[in-house]
Amino acid sequence: RKWARQNLIAAGLIVGLVVLVGASQFRSGLITRSILETSPAWDDTTHAMDWFDLERGLRERGWLKPGVVVAARNWLQAAKIDYALGGSVPVIVLKADRRHFAFLQTGADRGAQTVLVIGLPDPGRERPFRDDLVRLASARYCDLKSEPEIVLRRGGLPYRSFVVLSARAKC
């Protein structure tokens, strides 16, 4: 009985430690930051992070106003962006697979003057990601130009950068 109790306590402590280290990695990137200078390609935890830095960056630049629509490359990033922006501007999807956005965005960009095309590339894939965003956006919008990136912070430190393009909604 004493042996079983000791094993149960040890197992509980190990599980608690693993959860604590995992939560710390998720929140701050502590483990990967101590080993690597940049976000590793295999670190997919940004999909679980809130992207509120994007809202702050867009607000500071004065881009969250009537007549602006945000476009994302795919439905998953559109959902993260829409959540971060709190519904303050319409968010649309550029690719064909729009999932629930197909029902939400019917004509969302019709009355817009400016479209902000935004996305968060995977580490090491920044150039192909930007090229794909340009290709998708230039098929629908005019006068596409690159804007300064907006930094996504993790644990208070810069982690990754959003690609931001602006365009005229009507050609």
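A residue is buried under 20% relative accessible area, exposed over 50%, and partly exposed in between (1.4 Å probe, protein chains only). The model is predicted: local features need pLDDT of at least 70, side-chain atom pairs count only at pLDDT 80 or more, and totals for chains, interfaces and linings use all residues. Residues are numbered from 1 along each chain as its sequence is written, and side-chain values use heavy atoms, with hydrogens and water left out.

Start with helix H6 (126-138). Helices are DSSP runs (H or I, at least four residues), strands likewise (E, at least two), and both are numbered from the N terminus. Arg 127 is exposed, at 58% relative accessibility. Its salt-bridge partner is Asp 131, at 3.8 Å, N to O. A salt bridge puts a side-chain nitrogen of Lys or Arg within 4 Å of a carboxyl oxygen of Asp or Glu. Asp 131 is partly exposed, at 40%.

Asp 132 is buried, at 12% relative accessible area. Arg 135 forms a salt bridge with Asp 132, with the closest N and O atoms 2.4 Å apart. These two are three residues apart in H6, so about one helical turn lies between them. Asp 132 also meets Lys 95 in a salt bridge (4.0 Å, N to O). Lys 95 lies in the loop between strand E2 (91-93) and helix H5 (101-104), so this pair ties together parts 37 residues apart in sequence. Lys 95 is partly exposed, at 31%. Arg 73, Lys 95, Asp 132 and Arg 135 are linked in a network of salt bridges. The structure holds 10 salt bridges.

Now the open space. A pocket is an open set of points on a 1 Å grid over the protein atoms alone, where a 1.4 Å probe fits, with protein on both sides within 12 Å along at least five of seven lines; lining residues have an atom within 4 Å of a point. Grid points are joined across faces, edges and corners, and the volume is the space filled by probe spheres set on them.

The second largest pocket holds about 180 Å³. Its lining includes Arg 73 and Asp 132. H6 gives the most, with three residues.

The largest pocket holds about 260 Å³. Among its lining residues are Phe 26, Asp 50, Arg 56 and Arg 153. H3 gives the most, with three residues. The lining divides into four nonpolar, one polar and six charged residues. Here Ala, Val, Leu, Ile, Met, Phe, Trp, Tyr, Cys and Pro count as nonpolar, Asp, Glu, Lys and Arg as charged, and the others, Gly among them, as polar.
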